[in-house]
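Here is a short tour for anyone meeting this structure for the first time. Take a look at the sequence and the model, then read on.

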Amino acid sequence: MRNRLAQPKEDEVEVSLFGPGYGECAVVHLYAGEWLVIDSCYGEDRKTPVALNYLQNIGVDVEQAVKWVIATHWHDDHIKGLAQVVNKATSAKFACSTALKCQEFCTLIATMDNFSLVEESSGINELSEILEIKDRGPDQWLSENSCFFRKSLSDSTIEGHALSPAAATITNGHREIASMIAKQKNGIKRLPSTNPNHLSVVIQLVFPNFAVLLGGDLQKDTQPDQGWNAVLKLERPQNWQSDCYKIPHHGSHNGHDDRIWNEMLYPSPLSMLTPWVRGSKDLPTKDDVQRIKAKTDKLFTTVWPPRVSARRKMPAIDREMKAIAGKKQSALRNKPGHIRARRKINGESEWEIQLLDGARAL
């Protein structure tokens, strides 16, 4: 087992996925000390982004080494602390969905001056802070079939591509944001949350001998130009099948499409997910896990179970709550689990997996 504080070698790719029961973040070593951070969640202290904790703990110079910071979408569980990452990573470019490239979104950001309109804890607050740091706006807008970086090696290239959101989805997203502006008199609580969530950015990282597919929170839909249907319609070179997959939307059935597994992934790929614990329904469900395990024998989750029993201090009240709700009280895990996968950028090596801080195989 490799030392958890050891940096990857220059010719090693690393994909690290972090997640408690609410929140997720991916940290990727691309090549020769260059890093990519996708989304954000807090560490155990609920103040510091887990990406900064990790990179600093393994001795990475965040100011110089992080080259890209990406927000896949604006939901709170994917963006908390991202402004801190952008502020610290002074050499990084920031990219987000083209769905936010509209006058209506600028108007939403302007409402931050009136805290009666927008909750300070919502995703718009985090994005507002990022745009203050990046006073000219994002360095790149991401949409289907957009290449956001290409790095030449001696005999090959590394590429990063956004596969979503689709054009029709972006148009619909602009309409939704405009509809929120029309309701300002009633108070804006947070950025609109599409359901299904088609505005999430899916990212594919293409290396010389393999590829990594990061599914964000994209969901499927019956419309041919929405969600995963739109991604699956894109023209892709034959060698773009991925053997490492960040499963979308916490393993939920509404992020699943058999065609992803059959057309975009090699058989039984390394598959990782973060759980979701809010309200009465946890993700993934037992049925979700069984469905995914039918597709791969290498399935890992950042934490399991995502809920932990709460310490009982008032037994009488606990008994009454159990009688009403039909279940015991439980608490979310604060400390994010960590799946770390590494392999050589060239050659035929396999992924080396480390499961840290509560991560486990399913």
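## Ground rules

This is a predicted model, so to speak of a local feature takes a pLDDT of at least 70, and side-chain atom pairs count only at pLDDT 80 or more, while totals for chains, interfaces and linings use all residues. Residues are numbered from 1 along each chain as its sequence is written, and side-chain values use heavy atoms, with hydrogens and water left out.

Helices (H or I, at least four residues) and strands (E, at least two) are DSSP runs, numbered from the N terminus. Two strands pair if DSSP finds at least two bridges between them.

Let's start with an open sheet of 8 strands, in the order 6-5-4-3-2-1-18-19, with mixed pairing. At its edges sit strand 6 (140–142) and strand 19 (352–356), each pairing on one side only. From one strand to the next, the twist averages 15°. Axes here are lines fitted to C-alpha atoms, for helices over the stretch in contact, and angles run from 0 to 180 degrees between N-to-C directions.

Now for some of the pairings. Strand 3 (residues 34–38) and strand 4 (residues 66–71) run parallel, joined by 4 bridges, and Val37 stands opposite Val69 in strand 4. Strand 1 and strand 18 run antiparallel, with 8 bridges between them; Phe18 has His338 in strand 18 as its bridge partner. Strand 18 also pairs with strand 19, in the antiparallel sense over 5 bridges, and there Ala341 stands opposite Ile353 in strand 19.

## What lies over that sheet

Helix 1 (residues 50–57) lies across strand 1 (12–19), strand 2 (25–31), strand 3, strand 4 and strand 18 (337–344). Its direction is at about 40° to strand 2. Contact, by the way, means heavy atoms within 4.5 Å.

Is strand 18 mostly covered or mostly uncovered? It is mostly covered, as 7 of its 8 residues are buried. Buried means under 20% relative accessible area, exposed means over 50%, and partly exposed is in between (1.4 Å probe, protein chains only).

Strand 15 (residues 299–301) pairs with strand 20 in the antiparallel sense over 2 bridges, and the bridge partner of Thr301 in strand 20 is Arg360.

How many disulfides does the structure hold? The count is 0, a disulfide being a pair of cysteine sulfur atoms within 2.5 Å. Cys25 is in no disulfide, and the nearest cysteine sulfur, that of Cys41, is 5.7 Å away. Seen from Cys41, the closest cysteine sulfur is the one in Cys25, too far for a bond.

Both residues are tucked away: Cys25 is buried, with a relative accessible area of 1%, and Cys41 is buried at 2%.

## Empty space inside

Rolling a probe the size of a water molecule over the atoms shows where empty space is left. On a 1 Å grid over the protein atoms alone, a cavity is a set of points where a 1.4 Å probe fits but cannot get out, and lining residues have an atom within 4 Å of a point. Grid points are joined across faces, edges and corners, and a volume is the space filled by probe spheres set on the points.

By this rule there are 5 cavities of 30 Å³ or more. The largest cavity has a volume of about 80 Å³. Its lining includes Cys25, Ala26, Ile38, Asp39, Leu214 and Lys246.

Two peptide bonds deserve a look. Ser164 and Pro165 are joined by a cis peptide bond, with omega about 5°, and Pro165 lies in the loop between strand 8 (157–162) and helix 7 (167–182). The bond from Leu283 to Pro284 is cis as well, with omega near 0°; Pro284 is in the loop between strand 14 (281–283) and helix 10 (286–293).

His249 has a positive phi of about 50° although it is not a glycine, and it sits in the loop between strand 11 (242–246) and helix 9 (258–264). His250, in the loop between strand 11 and helix 9, has a positive phi near 60°. His249 is buried, with a relative accessible area of 15%, and His250 is buried, with 2%.

Methods:
On a 1 Å grid over the protein atoms alone, a cavity is a set of points where a 1.4 Å probe fits but cannot get out, and a pocket is an open set with protein on both sides within 12 Å along at least five of seven lines; lining residues have an atom within 4 Å of a point.
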